Every structure is written in structure tokens, then in C-alpha cells.
Amino acid sequence: MVLDKFDFLLLKLLQRDCLIPLRELAEAVHLSTASIQRRIQKLRENGYIVKNVAVLDPDKLNQVITVIVEVRLNKTHITDLEAIKESFSRSEIQQCYYVTGEADFMLVLLVPSMKRFQEICDELFHNNSNVEWFKTTVVLDRVKVSLNVPDII
């Protein structure tokens, strides 16, 4: 699928708010609602739109502490990596990146308390013989949080 200017504009609008009515999208993109509907379907089928989600306020849901954790492994063979990636798929981990540099993984966690974070540390890091070390940074303020792809138009 080759994207045109209408597709890019549509993606830009949808990543801001995926619940915009078709009629409003059609007006903004200057196409018919039927055309917009077809384009959105093709964007989904071709993997440009992966999910439609609601962005929740973690503070209102008592997930008030954001923690960034760097993790260094002892072994990074494919089977070791698959096992660690599986263990890093738990719900408290919002984001997990396999990275280059001093650490092997960067994790972003949301937790309700430091007690819960300590339990997670015991489960994931202290009790895992493949974890060489981990470094923790506690976030003081979420200045910007976004999943938007920049400059798509």
C-alpha cells in the first residue's frame, strides 16, 4: 500500500483522537465518508493502524508512580532474550525496549506504591540469575507522554 496525502492527514487526525466521527474526518480530509471508511479499513488491514485505545489518567487509577529501569543481562543468547522478554510482558510494564549501550533493556513501569515496585524488583530482577544489574529512576513529573508518530504530514 502506498500512502497519499489523504492517508497521512487521516492518520494524523486519528492518532490525536480515534473516535472522531467519519463525517468530521471527511470534512477535514475533503473526501466522502465512504472513502474515509474504506481508507481506514485499508490502513488497518495493512498494519498502519495497530490498535485503537483509550489513554487513561494513571493518577485517577492509583497508579501514581512512574519508574524507569535499566536492566543489564549476563547472557543475551536468543533463548535467554526470549525468556526475559516474556518476563517483561507483565501489566505493570508499560513499555519495554531492547537497546544498545550499557544496559540491554529499558523499562517504563506504572505502580501504585514503592512497596509494589519492590515486589516487582524481587520477582523480575533479584530472583533472576540472568540479571547482572538494574538501575532505577523514579519519575518526579510526567512532562510529556505520547505514542504519536511525529511528522507524518
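## Exercises on a predicted model

Lys-5 lies in helix α1, residues 5-16. Helices are DSSP runs of H or I with at least four residues, numbered from the N terminus. This is a predicted model: local features need pLDDT of at least 70, side-chain atom pairs count only at pLDDT 80 or more, and totals for chains, interfaces and linings use all residues. Residues are numbered from 1 along each chain as its sequence is written, and side-chain values use heavy atoms, without hydrogens and water.

**Exercise 1.** Classify Lys-5: buried or exposed?

*Solution.* Recall the cut-offs: buried is under 20% relative accessible area, exposed over 50%, partly exposed in between (1.4 Å probe, protein chains only). Lys-5 has 60% relative accessibility, so Lys-5 is exposed.

**Exercise 2.** Find how many disulfides the structure holds.

*Solution.* A disulfide is a pair of cysteine sulfur atoms within 2.5 Å. Take Cys-96. Its closest cysteine sulfur, in Cys-121, is 15 Å away, so the two are too far apart for a bond. The structure holds 0 disulfides. Cys-96 is partly exposed, at 32% relative accessible area.

**Exercise 3.** Describe how helix α2 and helix α3 pack.

*Solution.* Start with the axes, lines fitted to C-alpha atoms over the stretch in contact; angles run from 0 to 180 degrees between N-to-C directions. Helix α2 (residues 22-29) meets helix α3 (residues 33-45) at about 100°, with axes 8 Å apart. So α2 is roughly perpendicular to α3, a label for angles of 65 to 115 degrees. Next, the contact (heavy atoms within 4.5 Å). From α2 come Leu-22, Arg-23, Leu-25, Ala-26 and Val-29; from α3 come Thr-33, Ile-36, Gln-37 and Ile-40.

Definitions and conventions
Helices (H or I, at least four residues) and strands (E, at least two) are DSSP runs, numbered from the N terminus. Angles under 35 degrees count as roughly parallel, over 145 as roughly antiparallel, 65 to 115 as roughly perpendicular and the rest as oblique.
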